[in-house]
Amino acid sequence: MKKLIIGNFKMNQTPEESKAYFTKFVAGFNGNRADVVLCPSYLSLPVATFLAKGSPVKLGAQNVSDEEEGSFTGEVSAQMLKNLGVEYVIVGHSDRRNKFKESDRLVNKKIKTALKNGLKCVLCVGESLADRNTGKTFDVIRHQIEEGVRGLYENELESVIIAYEPIWAIGTGQNASVKDVENAAKVIRKVIFESYSEKASRDIQVIYGGSLNEKNVGALLNCAGIDGGLFGRISLNVNLFLDIANNLK
Ligand code: PEP
């Protein structure tokens, strides 16, 4: 099975810069080794969906409202994203949990609204350095998953990807080790097994994110139980990211 490669551009790139990026990426991506989902800002999504149409490059949003529609100034709905041709949405990223104080309850509501509107959700989970240093890693992951998928039917998990993103590894240049990632993948699948079934725990896509780069990607994406990667900083470098996506071993 091909690996899933997701690029989270965060609050970077103007729509004009995205136009140049997507023109190059779409022309250069071969789709042989990986499925790719690129997540530029909301404002870049129209030009990105236009340029990626008919190509294997898929689009994701970095956020979505938990509400369907109405008086929610500044929000963007799942239906709007779907209508534009967006297929994925990142939910529960540590930026949003920590800087925007998003709770597990809100994350769960966003997932339900996104799924209802036909979007796939990338649910980010992961511990802080303090959690890790006090031996709470697996409890934190367990709690975030249980709360994140609360109330979902087993068949809905087909549209949920769980991204293990230890906070201490995001944007720090300090990636988790193969052992850390394999242990986290085991715990994630165990939680799904206990809440759903053996089949669900086997089938759910689990990916890793946190300071992935061209040097560590081979080892970290080939860890047992890992189906792909979530890239931040590196995904902004179109040549490097194309090279990773085209030549993944
Ligand atoms: C992220 O923000 O999800 C991320 C993985 O960032 P980076 O690759 O820069 O650590």
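Here is a short chat about the ligand site and the open spaces in this predicted model.

Modeller: Quick ground rules: the model is predicted, local features need pLDDT of at least 70, side-chain atom pairs count only at pLDDT 80 or more, and totals for chains, interfaces and linings use all residues. Residues are numbered from 1 along each chain as its sequence is written, and side-chain values use heavy atoms, with hydrogens and water left out.

Colleague: What space does the ligand take?

Modeller: On a 1 Å grid over the protein atoms alone, a cavity is a set of points where a 1.4 Å probe fits but cannot get out. A molecule sits in one if more than half of its atoms lie within 2 Å of its grid points. For the ligand, that space is the largest cavity.

Colleague: About how much space lies in the largest cavity?

Modeller: Grid points are joined across faces, edges and corners, and a volume is the space filled by probe spheres set on the points. The whole structure has one cavity of 30 Å³ or more. The space in the largest cavity comes to about 160 Å³.

Colleague: Which atom of Gly171 lies 2.7 Å from an oxygen atom of the ligand?

Modeller: A polar contact here is a pair of N or O atoms within 3.5 Å. His93 uses a polar side-chain atom, 2.9 Å from a ligand oxygen. Ser211 comes within 2.8 Å of a ligand oxygen through a backbone N or O atom. For Gly171, the atom is a backbone N or O.

Colleague: How much of the ligand's accessible area does the protein cover?

Modeller: Accessible areas come from the Shrake-Rupley method with a 1.4 Å probe. On its own the ligand has 290 Å² of such area, and the protein covers 98%.

Colleague: Which residues lie nearest the centre of the largest pocket?

Modeller: A pocket is an open set of points with protein on both sides within 12 Å along at least five of seven lines, and lining residues have an atom within 4 Å of a point. The largest pocket holds about 490 Å³ of space. Of its 21 lining residues, those nearest the centre are Lys10, Met11, Ser41, Gln62 and Arg96.

Colleague: Which element gives the largest share of the lining of the second largest pocket?

Modeller: Helices (H or I, at least four residues) and strands (E, at least two) are DSSP runs, numbered from the N terminus. In this pocket of about 190 Å³, β6 (160-164) and α9 (198-203) each supply at least two lining residues. The largest share, three residues, comes from α9.

Key
A polar contact is a pair of N or O atoms within 3.5 Å; within protein, one must be able to donate a hydrogen and the other to accept it, and residues adjacent in sequence count only if both atoms are side-chain atoms.
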